[in-house]
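Dear colleague,

Please find the structure for your review below. I would be grateful if you could read the notes alongside it.

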Amino acid sequence: MAQTLFEKLWNLHTVSDLGDGEFLLHIDRIFLHERTGGIALRNVADRGLDIRYPSQVFCTMDHIVDTFPGRGDETLMPSGRDFIETTRAAAQAAGIQLFDIRHSRQGIVHVVSPEQGIALPGLTLVCPDSHTCTLGGLGLLAWGIGSTEAEHALVTGTLRVHKPKTMRVAFNGSLPAGVTAKDMALHLIGKFSASGGKRCAIEFTGQAIRELSVEARLTLCNMAVEFSAFTGLVAPDEKAIEYTRDRPFAPGGAEWDKAARHWRSLHSDDDAVFDYELAIDSAEIAPSVTWGPSPQQVVAVTGEVPDPELETDPAERNSMITALDYMGLEPGTPISDIRIDAAFIGSCTNSRLSDLREAARYLEGRKVADWVKAVLVPGSTPVKRAAEAEGLHEIFQAAGFEWRESGCSMCLYAGGETFGPGKRVISSTNRNFEGRQGPGTRTHLASPVTVAASACAGYIRGAGMAHSRKAG
Amino acid sequence: MRTFNRHTGVAAPILRSNIDTDSIIPSVEMKTVGKKGLADGLFAAWRYIDRESRKPNPDFILNKPGFARTSILLAGPNFGCGSSREHAVWALDEFGIRAVIAPSFGAIFHNNCIANGLLPAKLPFKQVSAIASELEGNDPNGEDTGHELTIDLEKRCIITPTGARYRFDITASDAEMLIRGLDPISLTLQHQAAIEAFHLQDCQARPWVYLPHEH
């Protein structure tokens, strides 16, 4: 019978059918971080249980750790040090691989795992972090779990999972010039709502997906959780296989050939049936930005703030009114008239080398507006080193961006650093929830190049739009 | 683990959609490396006028008279979306919430509920609103227990003060985990032989998956 990619991956990892749609799945890799990893490891130890496959478990410091140059274990969050020290001690006691603060492979968990070849096509990988779906861009079944589930995975090497339904989202045709994977994600969520993914395992297909780089696929899949998907997936092709080659934890030699042969079989059969199908004409996607505190509140950078009075659904209208109040915006305001206080490039969505190159290409020879605080946080220490080898840090610094150590940083307030209450931030991150970047901070999500262009204009601006405000 | 069979308690409506786990417990409220001490941070951005002084916001439902002993939440669709933080469930649990009734839940939040003995009861929004309307105006401190709902998990049934019954949705396996208070790790370890057999054949089929102990 014809199978989807998801079904192939699911069957490949099924240990037992537990009935009632629940399965016991084998977990190939577990990745932890200091925010929730320390708790899971400590609970396992406190219960006197052992980790089943310690060599398959990894841990990094990213969520709480400081990103200021010269950082140590201290953080702006008062108890941050406890999380870091607890996690370090627990990881060492458990005998798992830890990418500690000064480790050359340290970085944001979902940037590190493909970069190091820990995430490989065809695997199952779980992490107590909702953006684990990012890794689906490389063709593996990866999803976010809670701390208790992480304990289960550590002890048993398996998870009990209800089999999700399947959805295919086809991005037909090629993307217009200047449109990125981030714009695809925002457009999708804006068009079909933040619950449009219906808790499905989503496979992204179509010409625009085939044309994306692996890093761009990771960006798109990163936001599958904002679409309420179980996870996102892109079938591994030659690009994905080549991406994996020679990574530190990837197979080599004869094992590589065997693995690559297996990966080439991982695609949906031609006549496979999905529970849901969505299609998007890629030509209609524009550089996009969010205007409210939900990822579905999306508009093109050339558009304007929508009017709740024109919304027919009463619940939706109410949430739009609350959104405008939180964001301090008036309906009908052109997006390009929205003045920003800060610009942030970073996070598991958009902090890989390709993101930095794209932003730097725009910033070369330009300056950030003098009222804008601009911060760039590379996704990992290897990304930072590679960017420095290309001289990108000089471009960012000359333009007026701070150049930081890697970590989650101001994507969320976990490390205790924020742009401040009422401050308006254009951000290459994934969540614009109320208070996500700190109490009262107003977040507008966009691609790295839109963040760069907005930082220079001091107003929200697409890279293709006139640089100065109200030009002419 | 704690069991969930039949529960009666005060129900509070927060009928917004997409209530994310950052709203249920903001990052800054997750102060300790553990599952305790989180109730004070529950809904902190909405519950307090000023986070520092902890001055309560009188307009927020859990601060209204009688609602301090709320044990059931009525909510809009996609409750618990966003961050995987299990702290959201731990904070709800420590506050005294035993069940959330909503049309749908964030997938990770849902699993975290089951893992902690908290009931995520699925009910269409029209019916959630109907229950909220029936309760509206009743005094939660009144002797008629006007703001209390009874949830019977075995019968998948919510009973309102007027005796109206609503049938909610939950999978049989999730219900059994809650009713019997089962520990998933112990349950899974009963499949030890199957896990072992899978591992042996998988080491042959996909040797590159299994990493050596020293990298």
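The notes below go through the model part by part.

This is a predicted model, in which local features need pLDDT of at least 70 and side-chain atom pairs count only at pLDDT 80 or more, while totals for chains, interfaces and linings use all residues. Residues are numbered from 1 along each chain as its sequence is written, and chains are lettered from A and ligands numbered from 1 in the order in which they are written.

**The interface between the chains**

Chain A contributes 59 residues that are in contact with 49 residues of chain B; two residues are in contact if their C-beta atoms, placed from the backbone, lie within 7 Å. On the side of chain A that touches chain B, at least two residues each come from β1 (14-19), β2 (22-26), α2 (37-46), α3 (80-94), α5 (147-156), β8 (158-162), α10 (253-264) and α11 (314-327) of chain A. Here helices (H or I, at least four residues) and strands (E, at least two) are DSSP runs, numbered from the N terminus. The most is given by α5(A), with 7 residues. By class, this side of chain A holds 20 nonpolar, 25 polar and 14 charged residues. Ala, Val, Leu, Ile, Met, Phe, Trp, Tyr, Cys and Pro count as nonpolar, Asp, Glu, Lys and Arg as charged, and the others, Gly among them, as polar.

**Domains of chain A**

Chain A is divided into domain 1 (5-164 + 240-264), domain 2 (166-236 + 268-284) and domain 3 (288-457), with bounds that come from an automatic or database domain assignment. Between the C-alpha centres of domain 1 and domain 3 of chain A there are 28 Å. In chain A, 25 residues of domain 1 are in contact with 20 residues of domain 3. Helix α4 (residues 109-115) of chain A supplies the largest share of the domain 1 side that touches domain 3, namely 4 residues. That side of domain 1 of chain A consists of 9 nonpolar, 10 polar and 6 charged residues.

**Sheets**

In chain A, 3 strands form an open sheet in the order β1-β2-β8, with antiparallel pairing; two strands pair if DSSP finds at least two bridges between them. Its edge strands are β1 and β8 of chain A, each of which pairs on one side only. Within this sheet, β1(A) and β2(A) run antiparallel and are joined by 4 bridges, and A:D17 has A:F23 in β2(A) as its bridge partner.

Chain B has an open sheet of 7 strands in the order β6-β5-β4-β1-β7-β8-β9, and the pairing is mixed. The edge strands of this sheet are β6 (119-122) and β9 (165-167) of chain B, each pairing on one side only. Strand β4 (residues 70-75) and strand β5 (residues 99-102) of chain B pair in the parallel sense over 3 bridges, and B:L74 stands opposite B:I101 in β5(B).

Two packed helices are described by the angle between their axes and the distance between the axes. Axes are lines fitted to C-alpha atoms, for helices over the stretch in contact, and angles run from 0 to 180 degrees between N-to-C directions.

The axes of α2(A) and α3(A) come within 8 Å and cross at roughly 45°, which makes α2(A) oblique to α3(A). Angles under 35 degrees count as roughly parallel, over 145 as roughly antiparallel, 65 to 115 as roughly perpendicular and the rest as oblique. Among the residues making this contact are A:L41 and A:R42 of α2(A) and A:F83 and A:T86 of α3(A).

For helix α12 (residues 353-363) and helix α14 (residues 392-399) of chain A, the axes come within 9 Å and cross at roughly 50°; α12(A) and α14(A) are therefore oblique to each other. A:L356, A:R357, A:A360 and A:L363 in α12(A) meet A:L392, A:I395, A:F396 and A:A399 in α14(A). This contact of α12(A) with α14(A) has 7 nonpolar, no polar and 1 charged residues.

Helix α12(A) also packs against helix α15 (residues 448-457) of chain A at an angle of about 30°, with their axes 8 Å apart. That makes α12(A) roughly parallel to α15(A). The contact of α12(A) with α15(A) divides into 8 nonpolar, no polar and 2 charged residues.

With kind regards
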